[in-house]
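Q: I am new to this structure and would like to learn how to read it feature by feature. Could we begin with the general idea behind each term and then turn to the case in hand?

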Amino acid sequence: FLIQSQPSSFRAVHQQQPFDSSLEKPQFPGASAEFVDHLEFIQPNVISGIPIYRVMDRQGKIVNPSEDPQLSKETVLNFYQNMTLLNTMDRILYESQRQGRISFYMTNYGEEGTHLGSAAALDPHDLVFGQYREAGVLMYRGFPLDLFMAQCYANADDLGKGRQMPVHYGSRDLNFVTISSPLATQLPQAAGAAYAMKRENLNRAVICYFGEGAASEGDAHAGLNFSATLECPLIFFCRNNGYAISTPTSEQYRGDGIAARGPGYGMLSIRVDGNDVFAVYNATKEARRRAVAENQPFLIEAMTYRIGHHSTSDDSSAYRSVDEVNYWDKQDHPISRLRHYMTARGWWSEDDERSWRKQSRKTVMEAFERAEKRLKPNPELLFTDVYQEMTPNLDKQRESLWRHVQQYKEHYPLDLYDKYQH
Ligand SMILES: Cc1ncc(C[n+]2csc(CCOP(=O)(O)OP(=O)(O)O)c2C)c(N)n1
């Protein structure tokens with residue numbers, strides 16, 4: 001009885017059965033490989049690194065004809081017009097902030113190729129989770145200039161009822177989830193949404209954009225790992241633009257960028273030239289197709305460069321040289337690359353450029369003037385939409401707000417607000 005009750009490890013030592021240790025197989029539930037009998041640490045492959053997939057060179061020439069997506073002239077012109085319209089909108093809204101007309105702004109300069117290439121490769125029903133620097137995706141989906149402006153001006157037409165900082169867009173109709181400021185919250189949310197879509201068998205995918213800086217947040221790990229283990233139809237799209245505000249990539253990570261993390265999650269991954277709109281398009285299209293067909297997440301790391309300051313609260317000359325910025329602005333820009341491609345095919349001329357610039361500037365200026373004239377939202381809306389019925393503490397806050405406003409009338413120009421009834 002005593003011998004029977006010995007632990008099994010004790011019995012194994014005393015049974016002395018001859019065996020060949022090289023035939024032993026690991027039984028650990030968390031690993032699939034063989035045993036080895038020499039000590040060796042795995043080397044991170046940072047030096048040669050993951051290659052960067054591209055279709056066009058910097059002069060807009062197709063490198064390998066079999067990779068040319070052969071998009072129609074109409075589609076390519078649409079890419080170009082959206083990319084340049086986004087530029088014009090950025091310029092006007094950036095200047096608006098400098099003049100004190102809006103509180104804050106973030107430009108998208110230099111990253112237009114990542115926006116258009118990925119947006120065009122999706123189905124309009126696919127759900128987008130953005131970070132904040134993906135206005136081109138929303139523009140491609142048809143979000144009108146008036147609504148971009150209404151959001152930045154927080155006027156009565158803003159779908160978010162003026163409650164958010166500028167650039168925190170959202171559109172239920174266009175399947176674009178409202179931007180939230182805290183970094184990386186969108187990654188676990190995207191995993192949850194993609195899991196729900198898979199369970200409902202909706203044939204839809206989710207795309208989740210984020211910066212290489214946001215990828216250092218704990219939430220990024222949670223989102224990536226959940227989506228892999230739950231096998232979600234989700235495309236993680238990292239815009240690696242070189243900086244997270246003033247933190248360069250050399251201080252952000254020690255591995256080979258973000259794509260190198262994919263295999264660690266058991267996720268198919270690729271690194272693309274984000275300034276090549278066709279490379280971004282091809283990679284996103286294939287990832288989208290397979291994500292839905294096979295129910296698995298993909299990781300795309302698009303290499304690009306943030307040409308503008310991080311936001312209107314930043315001055316990037318404090319941490320990078322003018323020469324560095326100029327290189328990307330003048331020699332490796334997604335818009336000029338596409339323009340070279342169009343010009344070589346006779347699809348775009350100097351005249352086309354001149355008249356499009358004039359027309360797009362006029363359209364943006366008109367939307368800007370309309371937005372600025374519009375009233376602000378009704379202040380009552382501050383208290384709605386969280387609870388179905390107003391809670392007693394909210395009611396109290398509301399009353400105290402109006403008491404305060406009445407008392408200091410001279411500081412509150414209520415005639416500028418919509419449907420003011422007090
Ligand atoms: C949780 C959290 N921490 C810090 C910030 C402040 N913050 C806003 S943007 C940003 C940098 C993000 O960089 P990256 O993800 O690379 O995106 P990029 O701005 O370059 O497009 C930081 C630190 C924040 N919004 N949320």
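A: Let us begin with contact, which means heavy atoms within 4.5 Å. In the protein chain, residues 24 or more positions apart account for 73% of the contacts with a separation of 6 or more. This is a predicted model, in which local features need pLDDT of at least 70 and side-chain atom pairs count only at pLDDT 80 or more, while totals for chains, interfaces and linings use all residues. Residues are numbered from 1 along each chain as its sequence is written, and side-chain values use heavy atoms, with hydrogens and water left out.

Q: How many helices and strands does the protein chain have, and what does its C-alpha trace span along the principal axes?

A: Helices (H or I, at least four residues) and strands (E, at least two) are DSSP runs, numbered from the N terminus. By that reading the protein chain has 14 helices and eight strands, and its C-alpha trace spans about 95 × 65 × 45 Å along the principal axes.

Q: How should I read burial, and what share of the residues in the protein chain is buried?

A: A residue is buried when its relative accessible area is under 20%, exposed when over 50%, and partly exposed in between (1.4 Å probe, protein chains only). Of the 422 residues in the protein chain, 47% are buried. Accessible areas come from the Shrake-Rupley method with a 1.4 Å probe, and for residues only the protein chains shown count as cover. The protein chain exposes about 23100 Å², of which carbon and sulfur atoms supply 52%.

Q: Where is L127 placed, and is L127 buried or exposed?

A: L127 has its place in strand β1, which covers residues 127-129, and because its relative accessibility is 16%, L127 counts as buried. Leaving aside neighbours within four places in sequence, L127 is in contact with N175, V177, A193, M197, R204, A205, V206 and I207. The C-alpha atoms of L127 and I207 are separated by 6.3 Å, although these residues are 80 apart along the chain.

Q: How do I read the packing of two helices, and at what angle do the axes of α5 and α13 cross?

A: Axes are lines fitted to C-alpha atoms, for helices over the stretch in contact, and angles run from 0 to 180 degrees between N-to-C directions. The axes of helix α5 (residues 145-153) and helix α13 (residues 350-373) come within 9 Å and cross at roughly 45 degrees. That angle makes α5 oblique to α13, given that angles under 35 degrees count as roughly parallel, over 145 as roughly antiparallel, 65 to 115 as roughly perpendicular and the rest as oblique. A crossing is left-handed if the near helix is turned anticlockwise from the far one by less than a right angle, and right-handed if clockwise; α5 passes α13 in a right-handed crossing.

Q: Which residues make the contact of α5 with α13, and how do they divide by class?

A: From α5 the contact is made by L145, D146, M149, A150 and Y153, and from α13 by T363, V364, A367, F368, R370, A371 and E372. Ala, Val, Leu, Ile, Met, Phe, Trp, Tyr, Cys and Pro count as nonpolar, Asp, Glu, Lys and Arg as charged, and the others, Gly among them, as polar. The residues of the contact of α5 with α13 divide into eight nonpolar, one polar and three charged.

Q: At what angle do α2 and α5 pack?

A: Helix α2 (residues 73-98) and α5 pack at an angle of about 25 degrees, with their axes 12 Å apart, and α2 and α5 are therefore roughly parallel to each other. The contact is made by L85, M89, L93 and S96 of α2 and by L145, F148, M149, C152 and Y153 of α5.

Q: Is M149 buried or exposed, and which residues is M149 in contact with?

A: M149, in helix α5, is buried, with a relative accessible area of 0%. Leaving aside neighbours within four places in sequence, M149 is in contact with M89, L93, V364, A367, F368 and A371.

Q: What should I know about phi, and what is the value for N203?

A: Most residues other than glycine have a negative phi. Phi of N203 is near 60 degrees, a positive value in a residue other than glycine. N203 lies in the loop between α6 (186-200) and β3 (206-211) and is exposed, with a relative accessible area of 60%. D385, which is not a glycine, has a positive phi of about 80 degrees; D385 has its place in the loop between α13 and α14 (392-407) and, at 51% relative accessibility, counts as exposed.
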